[in-house]
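I opened my notebook to look up a few things in this structure. Come and read along with me.

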Amino acid sequence: MARVPAAAALHHVRKVPRLLVRHYRSRRSHPVIELVHQPHPYTRALSLVAVVLLGAWLGLLIVGNVRAPVGPMDTTMTLRPSLTGGTKINVSPLGALELRSHTAPLRLDVDVDQLDPVRSQALVDHPERLSGLQDEVADDVGAGTLDLAVRSCVAVVSGATALGLAVYRRPRRALAAGGLALTLLAACGATAFATWNPKSVLEPKFSGLLSSAPSVVGNARSIVSEFDVYQKELARLVTNVTKLYDVTSTLPAYAPDPSTIRVLHVSDIHLNPASWKIIASLVEQYKIDVVVDSGDTMDHGTAAENGFLDPAADVGAPYVWVRGNHDGRVTQRYLERMKNVHVLDDGRAVSVAGLRFAGVGDPQFTPDRSAKVGGDQSEVLAGARLASSLRDQEAAGTPVDIAVAHNPTAARETDGDVPLVLAGHVHHQEMEVMKYGTRLRIEGSTGGGGLRALEGDDPAPIETSILYLDRDTRRLQAWDEIKLGGLGLTTAEVSRHLPKENRP
């Protein structure tokens with residue numbers, strides 16, 4: 001093997017570092033191309049917009065609402081994404097009003113939560129403040145809207161920034177998402193301001209139970225043209241309802257005799273939401289064993305009104321109900337699904353709170369103008385069916401203690417077949433002993449006639465009764481007639497009555 005000279009080997013070793021340096025310089029001057037797909041600029045822009053919109057929506061959903069007092073009411077104001085914009089005012093449980101107030105991808109929701117009794121009482125105690133109520137409401141709405149705008153800006157920027165940071169994991173991209181969200185919100189606000197339509201209040205869209213409001217309160221244009229009078233009357237109406245609640249919550253307490261069964265008789269509520277407050281107060285203070293509703297709880301008997309019936313399931317006592325001429329079959333089916341409610345119809349009997357009840361629904365449904373009503377003849381036939389069922393129950397050894405019908409004409413057909421029969425329909429209280437010994441109790445309107453009470457000059461009173469029955473004989477011992485002043489009045493009257501056979 002040939003030997004390499006020492007000088008040549010040393011020269012080769014010295015050349016190695018220079019070769020390595022040239023190699024790495026050549027790699028830097030000719031970079032290696034990696035096969036990694038880069039997203040299209042349009043795709044990146046769309047993904048950023050999607051992150052901004054979703055983050056802004058989540059921010060509004062979580063913290064983008066403001067509780068603001070408006071006059072004597074407590075409200076919650078919220079901004080919501082929308083394709084058409086506008087303003088929606090929710091007045092539970094009556095429904096909602098929609099105003100085409102602006103055109104922008106944001107909608108203003110105003111929920112009327114409750115009536116503040118302190119502010120309402122202040123209006124009652126100082127009537128001179130009514131003259132400035134309109135300005136006060138306008139100032140409250142302005143302050144609430146400003147607060148909502150600031151909170152919405154914070155919610156939108158925070159939501160978009162937080163989601164951008166979670167998605168991109170880069171602070172610069174997250175801040176860009178927050179800035180874009182703020183820009184979009186400002187553009188929406190400018191669009192809403194530019195398209196603001198103050199005349200939208202002249203043509204509101206009613207939904208829910210408020211869909212019948214125009215036929216009740218009159219033309220909206222006349223209300224706006226006479227707004228000075230309207231706002232005073234509206235404020236007075238609101239404050240008087242508050243006073244009515246106060247009256248029912250301070251009725252004198254009653255120490256019930258353990259030997260009695262206490263029945264609260266209500267009728268013809270006609271969609272008055274104050275009635276549920278009154279019923280619950282009476283059930284609690286008088287230790288009511290069972291509530292009997294002789295019908296006309298509704299006004300139109302439509303499915304849209306069914307939500308009004310929900311408090312019946314939680315009034316504090318079992319609820320016995322018969323259908324009135326303003327209650328549809330839809331109403332009856334809705335109540336039949338409630339656990340606390342016992343629906344009576346076609347003479348069916350049930351035992352509740354130590355008493356046996358039987359009843360029949362009203363054969364007529366008067367809100368349906370397409371159907372011809374049967375008049376008194378149909379009521380007589382319905383009462384005859386109920387009387388036949390009562391006789392069958394007596395023959396079977398399970399006699400009925402109280403019969404229930406909506407119309408007194410039907411109730412009179414049970415004379416001699418039951419000790420006590422309850423009815424309503426006529427909107428005033430009566431008590432009589434019929435020819436063959438059956439006592440007929442006709443209840444007034446526990447809803448003060450509902451909205452129709454506003455049609456006359458004098459508001460109809462709110463009436464209900466408490467019946468005291470002996471626990472052993474199940475016969476009437478006494479009854480209390482309770483009469484509360486209707487809208488515009490604040491009187492409360494409770495009178496005790498005894499049957500002749502029980503008078504000392």
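Predicted model: local features only at pLDDT ≥ 70, side-chain atom pairs only at ≥ 80, totals over all residues.

**Entry 1**

I started with arginine 412, which forms a salt bridge with glutamate 432; their closest N and O atoms are 2.8 Å apart. By salt bridge I mean a side-chain nitrogen of Lys or Arg within 4 Å of a carboxyl oxygen of Asp or Glu. Arginine 412 lies in the loop between α12 (408-411) and β14 (420-423) and glutamate 432 in strand β15 (residues 430-433), so the pair ties together parts that are 20 residues apart in sequence. My helices (H or I, at least four residues) and strands (E, at least two) are DSSP runs, numbered from the N terminus.

I then looked up accessibility, where buried means under 20% relative accessible area, exposed over 50%, and partly exposed in between (1.4 Å probe, protein chains only). Arginine 412 counts as partly exposed because its relative accessibility is 36%. Glutamate 432 has 28%, so it is partly exposed as well.

Residues are numbered from 1 along each chain as its sequence is written, and side-chain values use heavy atoms, with hydrogens and water left out.

**Entry 2: other salt bridges**

How many salt bridges does a search of the whole structure find? I noted 10.

One of them joins arginine 262 to aspartate 289, with 3.5 Å between the closest N and O atoms. This pair links distant parts of the chain, since arginine 262 sits in strand β7 and aspartate 289 in the loop between α9 and β8 (290-293), 27 residues apart. Is arginine 262 buried or exposed? Arginine 262 is buried, because its relative accessibility is 7%. Aspartate 289, at 21%, counts as partly exposed.

I also found glutamate 463 paired with lysine 483, their closest N and O atoms being 3.5 Å apart. Glutamate 463 is buried, with a relative accessible area of 5%, whereas lysine 483 is partly exposed at 33%.

My reminder for these pages: side chains of opposite charge can pair when their charged atoms come close.

**Entry 3: two buried aspartates**

Aspartate 345 belongs to a network of salt bridges that links Arg323, Arg329 and Asp345. I located aspartate 345 in the loop between β10 (341-344) and β11 (349-352). Aspartate 345 counts as buried because its relative accessibility is 9%. Its side chain also reaches the backbone nitrogen of glycine 361 at 2.8 Å.

Next I turned to aspartate 401, in the loop between α11 (375-395) and β13 (402-405). Aspartate 401 is buried, with a relative accessible area of 6%. Which side chain does aspartate 401 join in a polar contact? The partner is arginine 474, at 3.1 Å. A polar contact is a pair of N or O atoms within 3.5 Å; within protein, one must be able to donate a hydrogen and the other to accept it, and residues adjacent in sequence count only if both atoms are side-chain atoms.

**Entry 4: nonpolar residues**

In the largest nonpolar core, which has 30 residues, Leu264, Ile279, Val291, Tyr319 and Val341 touch the most other members. α9 gives the most to this core, with five residues. A nonpolar core is a set of buried Ala, Val, Leu, Ile, Met, Phe, Trp, Tyr and Cys residues joined through side-chain atoms within 4.5 Å.

Which residues does isoleucine 279 contact, leaving aside neighbours within four places in sequence? I listed Leu264, Val266, Ile269, Val315 and Tyr319, with contact meaning heavy atoms within 4.5 Å. There is also a second, separate core of 21 residues, and it includes Ala68, Met77, Leu79 and Tyr168.

**Entry 5: a buried proline**

Proline 499 counts as buried because its relative accessibility is 1%. Leaving aside neighbours within four places in sequence, proline 499 is in contact with Arg439, Leu476, Gln477, Ala478 and Trp479. Proline 499 and methionine 431 are 68 residues apart in sequence and 9.9 Å apart in space, C-alpha to C-alpha.
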